[in-house]
Amino acid sequence: MRFRHILRADQFDRHTLDRLYALTNRIRKKRGTRDGALWLRAQFPHRRAILYFLQSSSRTWGSFVAAAQNLGMDTLDIRDPRVSSEVKGEASLDSIRTFSSYADVIIMRVNDKGLAAKAAEHMDSAGRPIPIINGGSGPDEHPTQACLDDYTLRRSFKERGGIDGKTIALVGDLKRGRTVRSLARFMQHYTGVKLLLVSPPPFAMEKDVLDFLQEHEIRYAVTDNFDQAVAEADAVYMTRIQDEHDTRGESAGVDFSKFCFTERHLKILKPHSIVMHPLPRREELSVSCDKDPRVMIWRQERNGMHVRTALLLRVLREQEMEKRWGGPLPKHIQDQLWLLDSA
Ligand code: NCD
């Protein structure tokens, strides 16, 4: 896989993910020591990231800033659309073109689901060597979250044969939850996984994802029986109602109370199963469950910074090398770059 624009979950292949997570593990270790952290900070002190985050964000924004800082980079934020020249009528692509003059990578979170892809095309056709990273594209995709979720699943199932053969329940607003839409696609990299798609019927998983699952022979069952899914699953991935995407108050008439994980569910959950949530949470995952060691949410969140540090490191390494090489790198040079960071 070419590490240039990171736009969709289906860009990643299994081999790349294996190497990315091995790099993530090394970065975690390095950050734990002064020498290691200084080595990391010395990698890209001459590079700058722009975070063009027009949607609310605490974790994704914070973890990307921290990841950039881990690598010694500067960051520049555009977070409030009211103070951007888009208020004066500037087109988003012009804003993005402007940012590309000041930064080496653009990380973006916007409502428009196609804007990150359009921005990437725009950079390519303008001959600007600036990678675009999708930090959440409307209700559509969240590929870097899928990486950290997948990494968390792998670590959690390390002693139990990995993700292969596991049953994973995706619960909540599957229609507009971009995290589950991206994570479901990652299951193509494992064998024998079964997905339980648990939601109130109006917020069921969309056809495009179901088609993808079918095409890649990933087993799934659509259900609204939450208790039964909790009892069966090896991982229960909870999500919030994405009511910021309501156009006509769609969420109002839907009863979500049956899709809330409470202390009662801790008793139904198998002893080695885990609970995840991309956060922010509301009532769908009771705070009183946090003390149970099977509830992984805070670990999952911390993994975000480490995985994003690894992603940024790779993107910037390839960018530097592509500039020297004059285009996409042949496989053997890519392999050498991975080796360079595995020392
Ligand atoms: C998610 C998002 O923004 O899609 N949050 C995140 O990035 N960790 C999930 C959500 O907002 O519910």
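Started with the domain contact: I get 28 residues of domain 1 touching 24 residues of domain 2. This is a predicted model, so I keep that in mind throughout. The bounds I used come from the domain assignment, which gives 9-141 + 304-336 for domain 1 and 143-299 for domain 2. I took the centres over C-alpha atoms and found 26 Å between domain 1 and domain 2.

Next, the interface area. The size of an interface is often quoted as the accessible area lost when the parts come together. For domain 1 and domain 2 I have about 2,300 Å² buried. Carbon and sulfur atoms give 54% of that area. I also counted salt bridges between domain 1 and domain 2, and there are three. A search of the whole structure turned up 31 salt bridges.

Then I looked at a helix pair. How do helix 1 and helix 6 pack, at what angle? Helix 1 (residues 14-31) and helix 6 (residues 143-156) come together at about 75°, with 11 Å between their axes. Angles of 65 to 115 degrees count as roughly perpendicular, so helix 1 and helix 6 get that label. On the helix 1 side I listed Arg14, Leu17, Asp18, Leu20, Tyr21, Thr24, Asn25 and Arg28. Helix 6 brings Cys147, Asp150, Tyr151, Arg154 and Arg155 to the contact. Sorted by class, I have five nonpolar, two polar and six charged residues in this contact.

With that much charge listed, I checked pairings. Side chains of opposite charge can pair when their charged atoms come close. Asp18 and Arg154 form a salt bridge through their side chains, at 2.8 Å from N to O. Asp18 also has a salt bridge with Arg14, where the closest N and O atoms are 3.1 Å apart. Arg14 and Asp18 both sit in helix 1, four residues apart, which is about one turn of the helix.

Last, the backbone. Most residues other than glycine have a negative phi, and most peptide bonds are trans. I noted two exceptions here. The Leu279 to Pro280 peptide bond is cis, with omega near 5°. I placed Pro280 in the loop between strand 9 (274-276) and helix 11 (297-325). Glu217 has a positive phi, near 55°. I found Glu217 in the loop running between helix 8 (207-215) and strand 7 (219-223).

Terms used: Residues numbered from 1 in each chain as written. Predicted model: local features only at pLDDT ≥ 70, side-chain atom pairs only at ≥ 80, totals over all residues. Heavy atoms only, no water. Axes fitted to C-alpha atoms, helices over the stretch in contact; angles between N-to-C directions. Helix = DSSP H or I, 4+ residues; strand = E, 2+ residues; numbered from the N terminus. Parallel < 35°, antiparallel > 145°, perpendicular 65-115°, else oblique. Contact = heavy atoms within 4.5 Å. Nonpolar A, V, L, I, M, F, W, Y, C, P; charged D, E, K, R; others polar. Domains from an automatic or database assignment. Buried area = accessible area lost by both parts, 1.4 Å probe. Salt bridge = Lys/Arg side-chain N within 4 Å of Asp/Glu carboxyl O.
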